[in-house]
Amino acid sequence: VTPSASPRRRLAAVLAGLALIGLVAGLDVAYGPTEVFITIVVVGPFLTALAAERRDVIMVGALAVAVTIASGWWNDSIATGAQVIRIVGVLGGAVLAVLSAQVRSRDLLAQRRLGLLAAVAEVADGELSLRVTVERIADLLVPRLADLAVIDAMQGGTLSRIAVRGEGPEPPTTAIQAIPDAAELRSPSSVVVPLRARGRVLGALTLGLRQSGRTFREGDRAFAGVLAGRVALALDNAGLFSELESMEAQLTAALGSLSDAVTVQNREGRLVYVNDAAARTMGFADAATVRATPPSRLVSRYDIFDEAGRPVDITALPGRRVLNGEAAPPLVVRSVHRGTGEERWQLIKASPVLDREGRPYLAVNVIEDITDVKRAEFGQRLLVEAGALLAASLEYEDTLQQVAELAVPELADWCGVSIPDASGEIRQVAVAHVDPAKVAFAREYNRRYPVRVEDPDGAAEVLRTGASQLVTQIPDELLEAVLPDPDQLELIRSIGMRSVMLVPMMAAGRPIGVVTFVSAESGRTFTEADLALAEELGRRAGTAVANARLYAERTHIARTLQTGLLPDAVPDIPGLALATLYRPAGEENWVGGDFYDAFAVTGGWMVVVGDVAGRGPEAAALTALARHTLRTAATIAPDPLSALTHLNLELAARPETSLVTVGCALVTRGPDGDSMRARIACAGHPPALLVRGGEVQALGRFGPMLGAFRASTWDPVDVDLYDGDVLILYTDGVIDTRGRDGRFGEERLWETVASAVDAGDAVRRIDGALRAFESGEQADDTAILAIRCGTAPAVPGVVHHRLELPGGTTAPRRARRAVATWLAEELASDRLYDVRVLVSELVTNAVRHAGADEGHVIGLDVVISPVSVRVSVSDPGPGFIPVADPRPRPEGGGAGLLLVDRLSSRWAVEPGRPAVVWFELDRPAASAAA
Amino acid sequence: VVRRHEHGTALVVEVQGEIDLSTAGEVRVAADAPEAGRLVLDLRGVDFMDTSGIRLVVELMRAEEAGGPELAVVADHYPVLRLFDMAGLTPRLRLSRSVDEALG
């Protein structure tokens with residue numbers, strides 16, 4: 001076959017040649033015989049040779065020669081020598097033109113053949129399905145190479161015709177016995193070549209020509225052989241002739257009806273067999289559709305994770321591993337469909353099919369869907385773990401954080417817990433994500449865009465209605481509709497939210513908070529089953545929070561009341577140094593009954609220590625009454641007896657039994673204005689202690705407690721006080737303090753205070769001794785009040801250090817080192833160690849709970865005085881203020897603050913921005929005694 | 001500094017220096033040995049520890065309850081022991097003075 005030129009260009013070339021010959025002949029006639037230029041006709045065939053075929057050039061060349069011969073007549077040069085030379089010249093030119101046309105035509109042919117081979121090779125590499133491959137190849141062959149192309153292939157041991165392409169009547173396409181012959185093809189010229197790939201004959205390619213003028217030559221047959229090799233490769237790549245074709249038939253029968261998904265993949269990872277269950281697992285209607293989809297597209301439809309939530313590379317799947325000759329234990333994976341977000345749990349088992357050399361060439365995968373089992377298992381585990389966490393702790397903020405962390409990443413990518421506070425803000429108290437950076441993002445987002453209880457939708461709506469919200473898909477339009485602020489919208493978009501659940505935290509049938517679950521990068525969508533699990537989690541968390549909050553509120557009330565029941569500050573009494581200590585018994589105790597007071601009365605000062613029987617709000621009310629009554633009575637008649645009598649009558653008049661013990665002392669200046677006297681009365685109360693020159697004596701006679709009997713009398717004790725005398729009033733909580741060796745007792749108390757030289761010193765000594773002695777929870781509060789006669793010793797210099805340091809995890813260490821340096825000369829090594837622990841705890845809390853990360857500054861203040869060391873830590877965030885409750889919540893920091901309480905002499909939280917937490921450590925009395 | 005040694009089925013995690021917010025995580029990772037039969041946390045080289053260390057130990061105790069390795073803590077100096085005391089862990093903790101004792 002010679003390649004046919006473009007018909008239009010061919011016609012133009014022929015016409016141009018003819019026109020030139022005609023024009024030259026006309027001119028030659030007009031000017032002849034004087035001028036003869038007929039030889040120029042030789043240009044005609046060359047013109048034609050530029051674009052026409054060889055036979056066209058022959059025709060035009062012959063015409064040129066004929067015109068040259070004919071020119072003899074009008075030029076009167078027949079048989080002249082010049083005429084002969086002209087004829088020979090034109091003839092020679094025409095032959096050259098024909099030869100050049102032939103060369104051009106060969107080049108074109110070679111070029112076309114190469115193009116065809118390249119096109120077939122491209123089809124072979126295209127990972128196309130068999131059907132498409134065959135179609136493409138047929139398109140390439142007809143009509144470029146032949147008018148008719150037939151591809152017959154061996155399939156399952158029989159020859160079948162898989163493609164026929166051509167114009168006119170087509171040969172039969174079914175039930176053929178052999179490759180077609182010329183008669184069957186109704187084609188005058190045909191070529192049949194075998195299809196060989198990888199050393200095997202797969203079938204035959206038949207090409208036929210029907211149009212007149214085209215015939216196959218030897219070169220065409222050779223080319224058809226080369227071409228057939230490529231075609232065979234393309235068909236082989238398309239999977240037609242792999243052993244699987246026959247295997248599939250067997251597998252289809254055996255596996256097609258299985259409910260478990262079964263796939264078979266070849267060494268290249270291509271799925272060569274898929275049963276219907278597998279197709280459905282992959283989200284396709286049937287197996288055929290799967291096989292028509294390129295493998296790269298199949299894989300990209302899913303995100304695959306292992307049980308720990310880590311992404312699984314497809315090369316790590318069992319099928320790929322057995323193909324690599326590795327052992328592949330069954331693998332549990334979670335796959336998330338990228339399009340729908342649907343999540344499935346699967347158990348994948350793979351076994352290899354070995355070839356003759358014993359190498360794996362196929363992997364058979366059995367994929368069991370274990371989604372339901374997995375969900376049930378996860379749900380149960382989540383609830384059990386959450387339940388244990390929630391039951392274990394009353395520090396609900398920490399606990400909620402841990403619960404939120406349980407939910408990621410298995411249930412959701414993000415989990416947050418929000419609780420409304422007193423100001424109406426729904427504050428996020430916990431947020432979890434596997435990536436700490438995203439947790440920080442969530443905190444920052446919530447700071448910038450606070451949610452309030454009056455908001456129309458979202459968490460506020462859940463709080464109002466107590467009804468969960470499930471948004472399975474979040475289209476961008478929805479975000480735009482609910483987020484009018486473009487910056488906020490952009491932030492939310494950046495998360496790539498896919499699905500959201502908001503469930504109420506229910507306590508006693510009432511929503512007290514909201515748990516938010518967000519699915520984002522995992523791409524999964526929440527289902528009703530997920531919502532049911534989330535709701536159950538919300539219910540359990542709600543109950544736990546309610547319990548914890550009840551407890552926290554009680555403690556808080558207790559502290560508030562107690563603080564109110566104690567004097568704001570002990571008065572500055574000239575000539576007397578005064579120190580007090582109040583130690584609440586235990587965290588779980590309500591308002592303690594102990595109180596102390598000190599106030600000026602005519603001629604002197606009244607100091608009081610008391611203990612109200614009972615606990616709780618009633619006791620608190622009684623304490624307030626007792627304090628108030630004693631103050632009023634003592635102001636009117638400055639005498640302990642009068643005050644006690646007055647209070648006794650008040651209490652006895654109350655309908656309910658109201659019992660109070662009181663120890664009180666009236667301290668007056670003697671007539672000389674220098675010496676002092678004390679009148680001490682005890683109503684059901686331990687006697688006061690007087691420390692003088694290292695000796696201790698009890699002062700006060702036991703009298704009836706107040707409120708027991710209307711008619712009660714007390715016998716006061718009068719004592720002269722000298723400079724340096726220390727008088728101590730205390731409640732029985734001191735001597736009743738329980739330790740491993742029983743009660744603290746009076747004897748220990750006496751020993752403890754014997755060497756006290758000052759009021760503060762005495763109080764610290766008792767406090768220190770009790771701390772060293774006590775073990776376990778204490779039953780009773782402790783109140784101590786001490787006064788020392790004579791002016792207080794001058795206070796030496798106070799040193800103040802300040803440091804601002806960046807937050808972050810290294811902040812505790814830096815703070816510790818700074819403080820240790822400042823205090824190295826000031827404290828004994830064991831006390832210094834305590835200070836280091838204390839500083840470490842407070843700064844750790846600032847970082848962990850107040851969000852003091854690298855960008856924030858933590859302030860550290862240390863004040864060193866002869867009697868104490870005070871360290872304050874200020875942090876940028878809400879600090880220790882409980883999120884659901886803006887009031888101070890000392891227990892908020894968990895174990896850390898418990899330790900602070902144990903190690904420090906006293907400590908407190910000063911809420912605000914910045915929030916300040918401080919502690920003081922009293923310095924041992926040794927320095928004061930020296 | 002955290003070092004790991006294996007003694008049969010037991011893993012000994014030896015910590016030196018300070019345990020606080022910045023280092024507790026590293027120790028936690030080193031002590032993650034769900035397969036080990038016994039986990040010995042050697043704190044004798046710890047010269048400072050705050051409740052980050054307590055948290056760590058509590059987590060390991062919880063892991064043990066959940067089927068993880070048996071936890072034994074080696075500590076011989078007062079600051080660390082006292083912290084366990086204060087946290088109320090001492091009675092519930094397998095405390096030893098030496099690694100050999102803890103492994104026994």
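User: Which element of chain A has the lowest mean pLDDT, and which the highest?
Analyst: This is a predicted model, where local features need pLDDT of at least 70, side-chain atom pairs count only at pLDDT 80 or more, and totals for chains, interfaces and linings use all residues. Residues are numbered from 1 along each chain as its sequence is written, chains are lettered from A and ligands numbered from 1 in the order in which they are written, and side-chain values use heavy atoms, without hydrogens and water. pLDDT is the predictor's confidence in each residue, from 0 to 100; helices (H or I, at least four residues) and strands (E, at least two) are DSSP runs numbered from the N terminus. The lowest mean, 44, belongs to helix 27 (residues 925-929) of chain A, and the highest, 94, to strand 26 (residues 726-730) of chain A.

User: How many contacts beyond four places in sequence does the model have for residues 926-930 of chain A?
Analyst: Contact means heavy atoms within 4.5 Å. Over residues 879-893 of chain A, pLDDT stays under 50, and the model has 49 contacts beyond four places in sequence there. Where pLDDT is low, the predicted coordinates should not be read in detail. Residues 926-930 of chain A also stay under 50, and their count is one contact.

User: Is His337(A) buried or exposed?
Analyst: His337(A) is found in strand 8 (residues 331-337) of chain A. Leaving aside neighbours within four places in sequence, His337(A) touches Arg301(A), Tyr302(A), Glu342(A) and Gly523(A). Buried means under 20% relative accessible area, exposed over 50%, partly exposed in between (1.4 Å probe, protein chains only). The relative accessibility of His337(A) is 14%, so His337(A) counts as buried.

User: What relative accessible area does Leu99(A) have?
Analyst: Leu99(A) lies in helix 4 of chain A. Together with Phe46(A), Leu91(A), Val95(A) and Leu96(A), Leu99(A) forms a nonpolar patch on the surface. Helix 4 (residues 81-125) of chain A gives the most to this patch, with four residues. Leu99(A) is partly exposed, because its relative accessible area is 46%.

User: What pattern does chain B follow along the sequence?
Analyst: Chain B has four helices and five strands. Read along the sequence, they give β-β-α-β-α-β-α-β-α.

User: What share of the 104 residues in chain B is buried?
Analyst: Among contacts in chain B between residues at least 6 apart in sequence, 68% join residues at least 24 apart. Buried residues make up 50%.

How values were computed: Patches are made of residues with over 30% relative accessible area and no salt bridge: like charges are joined within 9 Å, nonpolar side chains (Val, Leu, Ile, Met, Phe, Trp, Tyr) within 5 Å. Accessible areas come from the Shrake-Rupley method with a 1.4 Å probe; for residues, only the protein chains shown count as cover. A salt bridge is a side-chain nitrogen of Lys or Arg within 4 Å of a carboxyl oxygen of Asp or Glu.
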